[in-house]
Amino acid sequence: MTPTPTSSGRTPTGDLVYQNGEPTSLAPACPDPNNPTSLSSPNRVASDYSAPVTTEAIVGVEHSFLPEFVVGATYTYRLTEDITSQERRMLELADGTVRPSVAGDFVSGGNVTATLPDGTPVSEPFYVIGCVVDGSCSLTGGTLLENTDREIEYGGVSVNFIKRLSNRWMLRGYVNWGESEFNVGSGYVATYDPTNVSPTAAEQGDTDGELFAVQSGGSGNKGDIFLQSTWSYNVNGMYQVAPDRPWGFNVAANIFGREGTPLPIFKNATNSIDGISRAVQLSDDIDSFRTEDIFTMDLRLEKEFAATSNVGFTFSVDIFNLLDEHYVLQRERNAGSGRYQFIDETLSPRIYRLGVRLNWR
């Protein structure tokens, strides 16, 4: 390629070493500002595309049973409409027109088989775009970003309490119950791939009443966890042992529990018809299998020593996972993997921590 003069009149030497007067960038703008339509993408955006709309209502009540003891309850309702998707493939027909795929374009591609964690054998069908076979259409490589006929509906109740420090002790905590579900309309069923695809970080919700759970995404530990627990609770408190004695100390504890996270079992279905790999969900529901429910306890002992009237030290001992539980937090859920059902992550074992804190005023 022959170097072209810059606006300053100097021609780039092409030696990849900047010379005075050469442009600071040797690459053309993208897209070309003089021809903004020179670059195009196979992806499309629906003409009526809009952001999803969330409507939320929260009702709460709080009552003070004692000046230092307060209990509250909250109910939350949330509805998210016009859920977006970018899963419909763009097809180019024989006459050159381009349109997104619809459910009627799909034909049976076969079945995937596997054994569920409880030993049950399963066989689940998957579907492929049939017009690719007879050559009446081809994949452009693009997808359509659009709103869908789906909603996410949430209802949950939370009860919390707090007993402020008095009479040598304090306590606080909460109990929470709530879950979100998909409402899938007939328009979605008539438009999208009928394959029961396993939920991912980008897409889920192809079945009416399906539980909504956010996938962590990424890789490694925490890389494939569906962050959903219908119930959870936490209680922590502290008691002052003989605070008026020189040997007095504080003891505190924390208790936490939650439901295990969903483990939707899937297996990839590959085919030579449309060349699309589909993660087919094999378990009936996203939460047909879950990791273990969790119950953990932490303990803390601390003692404050006064060095002077204005300076003190607090020595502490913390014990995390006091009962040394080994709950499984993440398992391999791909039935087609050689690591199927292998443990990917467990709760950390018991941990001791010694601490010193300097206090002054």
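How much space lies in the largest pocket? About 550 Å³. Keep in mind that this is a predicted model, where local features need pLDDT of at least 70 and side-chain atom pairs count only at pLDDT 80 or more, while totals for chains, interfaces and linings use all residues. Residues are numbered from 1 along each chain as its sequence is written, and side-chain values use heavy atoms, with hydrogens and water left out.

**Pocket and cavity**

A pocket here is an open set of points on a 1 Å grid over the protein atoms alone, with protein on both sides within 12 Å along at least five of seven lines; a cavity is a set where a 1.4 Å probe fits but cannot get out, and lining residues have an atom within 4 Å of a point. Volumes are the space filled by probe spheres set on the points, which are joined across faces, edges and corners.

So who lines the largest pocket? There are 29 residues, and Glu87, Val197, Ser198, Glu203 and Ala279 lie nearest its centre. Two or more lining residues come from each of strand 4, helix 1 (186–191), strand 15 (266–269) and strand 16 (278–281). Strand 4 has the largest share, with 4 residues. (Helices, H or I of at least four residues, and strands, E of at least two, are DSSP runs numbered from the N terminus.)

The structure also holds 1 cavity of 30 Å³ or more. The largest cavity has a volume of about 40 Å³, and its lining includes Asp224, Phe226, Pro262 and Arg331. Strand 19 (residues 328–331) gives the most to that lining, with 3 residues.

Two strands count as paired if DSSP finds at least two bridges between them. In general, strands of a sheet pair through backbone hydrogen bonds, either parallel or antiparallel. Here are two of the pairings:

| Strands | Direction | Bridges | A residue and its partner in strand 8 |
|---|---|---|---|
| Strand 1 and strand 8 | parallel | 2 bridges | Val45 and Leu145 |

**On the surface**

Phe305, Phe313, Phe315, Val356, Leu358 and Trp360 form a nonpolar patch on the surface, with about 640 Å² of accessible area together. Patch residues have over 30% relative accessible area and no salt bridge, and nonpolar side chains (Val, Leu, Ile, Met, Phe, Trp, Tyr) are joined within 5 Å, like charges within 9 Å. A salt bridge puts a side-chain nitrogen of Lys or Arg within 4 Å of a carboxyl oxygen of Asp or Glu. Areas come from the Shrake-Rupley method with a 1.4 Å probe; for residues, only the protein chains shown count as cover.

Strand 18 (311–320) and strand 21 (351–360) each supply at least two residues of the patch, and strand 21 gives the most, with 3. Phe313 sits in strand 18. Phe313 counts as partly exposed because its relative accessibility is 32%, given that buried means under 20%, exposed over 50% and partly exposed in between.

Note on methods
Buried means under 20% relative accessible area, exposed over 50%, partly exposed in between (1.4 Å probe, protein chains only).
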